[in-house]
Amino acid sequence: MNPLLLTDGYKVDHRRQYPDHTSLVYSNWTPRKSRIEGVNEVVFFGLQYFIKKYIIESFEKDFFQQPKATVVQKYARRINNYLGENQVGTQHIEALHDLGYIPMVFKALPEGSSVPIRIPMFTMYNTKPEFFWLTNYFETLLSAVIWMPCTSATIAQQYRKVLDRYAAATSTVPEFVNWQAHDFSMRGMAGIEAATISGAGHLLSFTGTDTIPAIEFLEQYYNADSDTELIGGSVAATEHSVMCMGTNEGEFDTFKRLTTEIYPKGIVSIVSDTWDLWKVLTEYLPKLKDSITSREGKVVIRPDSGDPIAIICGNKNGKTTEEQKGVIEILWDIFGGTVNDKGYKELIPQIGAIYGDSITVERATTICEQLKQKGFASTNIVLGIGSYTYQYNTRDTFGFAMKATYGEVNGNGRAIYKDPVTDDGTKKSAKGLIQIFKDANGVYQLKDNCTWEEEALGELREVFRDGKLLINDNLQEIRNRIA
């Protein structure tokens, strides 16, 4: 598809609506608010992908390399059939095709940076006066692509903070946190691109993922290399169809075959609540104890239904002893482990558990806290993070918006801004050219109404100009910043 059609319909005729002799439009991308309590900074991630995928790859393949007559005819057909009799025209489309590249500048903070609410993450403006209309023409496409990787990377960072904090307090293997939040979200996301860019955001803070396309994404757009670095990984795991096919009556044999014949070593995760989780824990595992403890690797028990807090940590009001104890305490009773020098119990390396249904940051915090109160290290459990976390969000989760704040008409600059009298202040924009700087505490701050000389200073780096990517970050650099 011609990437100029990847836009809201009202964008196509804004070119004629600007004042006559407009020659420059300067805009920025900003998270304006937070709907997640306690989160006041947002991780910036995804612009390099957007530039490579859309501004360079898509425009080259689906616009500049196509015959001009074909591009113009298809554009005219779509717009005329869509808007009816109008004067949008095609001369500006022909002129862009003749130019052969996107005449824009993007200036951005480093990806992986934590950016305070109401601080712009990047700016963009046209470099040739006749293409002033391009700047905000890109708003829809930018917004549709960028908000999700930023949002998912930010939420993953919140999980990381919680898990790091509890591992530091209770565990001797804090490095295990890299694997403690595992991305299970792909099947519940709004399409493959959403799953991929969200999954890549998760991998800025963790290495556990079942979203294989996110690994491909980071190799293709963020210079990662799975031959030389760990981008993301997973383990052998069953699903309910596998367990069901072995029949209820043959479930013990399925566990035995999985742990002794198919996977005699290495990590294997076995879904354990197809019928009766407590039976698996109290009947099957004791019978398999010797073979499990002698394995070179870990057997991971995976409950998948119920209240995750109660299932993992136990519920003192449970009807049975097993319900009162919960999975981790039952595994301890069967397999034991060590009490570390911090005073918390760690299961033997050959057994563990994962829970991947309806996990949230709040539930993850409660699980870690209840395990701590029971005397268990937080790293005894892995949490599967699914679309309940990563898809229950919108652009408004962090109030993302792209707004023009400066323009030039007849060669004269004018600071522009938005400040609706009926709004609570959320939609009030910056004014004029902007500069982002760090204060004495290293926190990003905004100075607006700048001169061009002031705009050239500060933390925004020119990452793209006139068809050329100027900064090409790699995954490890971004992971270092977010950490």
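Trainee: I'd like to start with the strands. Which residue in S19 is the bridge partner of Phe 464?

Mentor: Phe 464 is bridged to Leu 469 in S19. Keep in mind as we go that this is a predicted model. The pair belongs to an antiparallel pairing in which two bridges join S18 to strand S19, residues 468–469.

Trainee: What stands out in the hairpin of S18 and S19?

Mentor: Two residues sit between the strands of that hairpin, and Asp 466 takes a positive phi near 50 degrees.

Trainee: Which other strand is joined to S18, and by how many bridges?

Mentor: That is strand S3 (residues 104–108), which runs antiparallel to S18 (residues 461–465) and is joined to it by four bridges.

Trainee: Let's turn to the open sheet. In what order do its six strands come?

Mentor: Read across as S6-S13-S12-S9-S8-S7, with parallel pairing. Strand S6 (181–183) and strand S7 (236–237) are the edges, each pairing on one side only. Further in, strand S8 (residues 268–271) and strand S9 (residues 299–302) share four bridges in the parallel sense. There, Ile 270 is opposite Ile 301 of S9.

Trainee: Which strands does helix H15 lie across?

Mentor: Helix H15 (residues 327–335) lies across S9, strand S12 (351–355) and strand S13 (381–385). Relative to S12, the helix runs at about 170 degrees.

Trainee: Now helix against helix. How are two packed helices described?

Mentor: The general idea is to give the angle between the two axes and the distance between them. Here, take helix H6 (residues 139–170) and helix H16 (residues 361–373): their axes come within 10 Å and cross at roughly 5 degrees. Because of that angle, H6 counts as roughly parallel to H16.

Trainee: Which residues make the contact?

Mentor: On H6 they are Ile 155, Gln 158, Tyr 159, Val 162, Leu 163, Arg 165, Tyr 166, Ala 169 and Thr 170. On H16 they are Val 361, Ala 364, Thr 365, Cys 368, Glu 369 and Lys 372. Sorted by class, the contact of H6 with H16 has nine nonpolar, three polar and three charged residues.

Trainee: On to charges. How many salt bridges does a search of the whole structure find?

Mentor: The general idea is that side chains of opposite charge can pair when their charged atoms come close. The search finds 13 salt bridges here. In one of them, the side chains of Glu 139 and Lys 11 meet at 2.5 Å, N to O. Glu 139 lies in helix H6 and Lys 11 in the segment before helix H1 (14–17), so the pair ties together parts 128 residues apart in sequence.

Trainee: Are Glu 139 and Lys 11 buried or exposed?

Mentor: Both are buried. Another salt bridge links Glu 455 to Lys 107, with 3.3 Å between the closest N and O atoms. Glu 455 is in helix H18 (residues 452–455) and Lys 107 is in strand S3, so this pair ties together parts 348 residues apart in sequence. Glu 455 and Lys 107 are also buried.

Trainee: And what are the values for the salt bridge of Lys 325 and Asp 333?

Mentor: The closest N and O atoms of Lys 325 and Asp 333 are 2.7 Å apart. Lys 325 is partly exposed, at a relative accessible area of 26%, and Asp 333 is partly exposed at 44%. Elsewhere, salt bridges that share partners join Arg 461, Asp 473 and Arg 481 into one network.

Trainee: Let's finish with loops. Where is Ser 205, and what is it in contact with?

Mentor: Ser 205 is in the loop between helix H8 (192–202) and helix H9 (212–221). At 10% relative accessibility, Ser 205 counts as buried. Setting aside neighbours within four places in sequence, Ser 205 is in contact with Ala 156, Gln 157, Arg 160 and Ile 482.

Trainee: What about Lys 431, in the loop between strand S15 and strand S16?

Mentor: That loop runs between S15 (412–415) and S16 (433–438). Lys 431 is partly exposed, with a relative accessible area of 28%. Not counting residues up to four places away in sequence, Lys 431 touches Thr 405, Ala 415, Ile 416, Tyr 417, Asp 448 and Asn 449.

Key: Residues are numbered from 1 along each chain as its sequence is written. This is a predicted model: local features need pLDDT of at least 70, side-chain atom pairs count only at pLDDT 80 or more; totals for chains, interfaces and linings use all residues. Side-chain values use heavy atoms; hydrogens and water are left out. Axes are lines fitted to C-alpha atoms, for helices over the stretch in contact, and angles run from 0 to 180 degrees between N-to-C directions. Angles under 35 degrees count as roughly parallel, over 145 as roughly antiparallel, 65 to 115 as roughly perpendicular and the rest as oblique. Contact means heavy atoms within 4.5 Å. Ala, Val, Leu, Ile, Met, Phe, Trp, Tyr, Cys and Pro count as nonpolar, Asp, Glu, Lys and Arg as charged, and the others, Gly among them, as polar. Buried means under 20% relative accessible area, exposed over 50%, partly exposed in between (1.4 Å probe, protein chains only). Two strands pair if DSSP finds at least two bridges between them. A salt bridge is a side-chain nitrogen of Lys or Arg within 4 Å of a carboxyl oxygen of Asp or Glu.
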